[in-house]
Amino acid sequence: MNKHGILEALLYTSGDEGLEVKQLLEILEVNEDELKKLIETYESNGLIIQQFGTTCVLTTKKEAANYIEALIEQKSKMKLSQAAMETLSIIAYNQPLTRSDIEMIRGINSDGAVKTLIARGLVEAKEVQNSRSQQLITTDLFLNVFGIEKLEDLPTTQEDDEEMDAFFSNLVNQKGDTNE
């Protein structure tokens with residue numbers, strides 16, 4: 001496998017958190033100029049490698065945006081798994097937080113659930129200055145899909161437990177339809 005293929009595989013595996021340049025230099029056994037050239041000459045029909053500070057991320061090309069939005073729209077009509085629901089509720093109530101934070105709370109790897117939530121447009125990863133990890137937050141689509149205007153409208157532990165159960169039951173069973 002050539003270095004472009006190895007770079008692509010590494011970045012794909014790391015997900016939306018990407019990899020530090022330092023790690024890539026060590027693993028690929030190249031210097032900074034060689035890595036820069038690998039990134040600049042990387043070719044794919046739908047993907048690009050972007051560098052944010054000292055982190056490299058494999059991401060989609062802008063030309064694919066409309067198709068990705070259509071996929072998200074389709075997928076948002078599908079039910080969320082229990083793992084995705086748990087992860088979404090953790091993010092909603094504790095944002096911003098990292099994948100590591102979620103794993104500490106859930107006690108289990110949540111990469112798949114986070115990727116699902118990002119793909120459905122309910123969660124997004126934000127770069128934060130002076131932080132090596134991306135911070136996960138809910139999106140406006142999350143508010144829209146679940147019929148709340150602002151995060152403060154989420155049920156709290158001070159409110160009736162039934163309201164929270166109903167909200168998260170709706171979260172699991174959400175099919176993109178409104179009940180009105």
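Helices (H or I, at least four residues) and strands (E, at least two residues) are DSSP runs, numbered from the N terminus. The structure is a predicted model, in which local features need pLDDT of at least 70 and side-chain atom pairs count only at pLDDT 80 or more, whereas totals for chains, interfaces and linings use all residues. Residues are numbered from 1 along each chain as its sequence is written, and side-chain values use heavy atoms, with hydrogens and water left out.

The strands form an open sheet of three, in the order S1-S3-S2, with antiparallel pairing (two strands pair if DSSP finds at least two bridges between them). Strand S1 (19-20) and strand S2 (47-52) stand at the edges with a single partner strand each, so one side of each is left without a neighbour in the sheet. Helix H1 (residues 3-14) packs on this sheet and touches S1, S2 and S3, contact meaning heavy atoms within 4.5 Å. The direction of H1 makes about 85° with that of S3. Axes are lines fitted to C-alpha atoms, for helices over the stretch in contact, and angles run from 0 to 180 degrees between N-to-C directions.

Within the sheet, S1 and strand S3 (residues 55-60) pair in the antiparallel sense over two bridges. Glu-20 has Thr-55 in S3 as its bridge partner. The antiparallel pairing of S2 with S3 runs over six bridges, and Ile-48 stands opposite Thr-59 in S3. S2 and S3 form a hairpin with two residues between them, and Gly-53 in the turn has a positive phi of about 65°.

H1 also packs against two helices. The axes of H1 and H2 come within 11 Å and cross at roughly 135°. H1 is therefore oblique to H2, where angles under 35 degrees count as roughly parallel, over 145 as roughly antiparallel, 65 to 115 as roughly perpendicular and the rest as oblique. The crossing of H1 and H2 is right-handed (a crossing is left-handed if the near helix is turned anticlockwise from the far one by less than a right angle, and right-handed if clockwise). In this contact, Lys-3, Ile-6, Leu-7, Leu-10 and Leu-11 of H1 meet Leu-24, Ile-27 and Leu-28 of H2. By class, the residues of the contact of H1 with H2 are seven nonpolar, no polar and one charged. Here Ala, Val, Leu, Ile, Met, Phe, Trp, Tyr, Cys and Pro count as nonpolar, Asp, Glu, Lys and Arg as charged, and the others, Gly among them, as polar.

With helix H3 (residues 32-41), the axis of H1 comes within 10 Å and crosses at roughly 85°, which means that H1 is roughly perpendicular to H3. Lys-3, His-4 and Leu-7 of H1 and Leu-35, Leu-38, Ile-39 and Thr-41 of H3 make the contact. The contact of H1 with H3 has four nonpolar, two polar and one charged residues. Glu-29 is placed in the loop between helix H2 (21-28) and H3. The phi of Glu-29 is near 55°, a positive value in a residue other than glycine.

Helix H5 (residues 82-94) and helix H6 (residues 99-106) pack at an angle of about 115°, with their axes 11 Å apart. H5 is therefore roughly perpendicular to H6, and the crossing of H5 and H6 is right-handed. Ala-83, Glu-86, Thr-87, Ile-90, Ile-91 and Asn-94 in H5 meet Ile-102, Ile-105 and Arg-106 in H6. The residues of the contact of H5 with H6 comprise five nonpolar, two polar and two charged. Pro-96 is placed in the loop between H5 and H6, and the peptide bond from Gln-95 to Pro-96 is cis, with omega near -5°.

Side chains of opposite charge can pair when their charged atoms come close. Five salt bridges are counted, each defined as a side-chain nitrogen of Lys or Arg within 4 Å of a carboxyl oxygen of Asp or Glu. Arg-99 forms a salt bridge with Glu-17, the closest N and O atoms being 3.2 Å apart. Arg-99 lies in helix H6 and Glu-17 in the loop between H1 and S1, so the pair ties together parts that are 82 residues apart in sequence.
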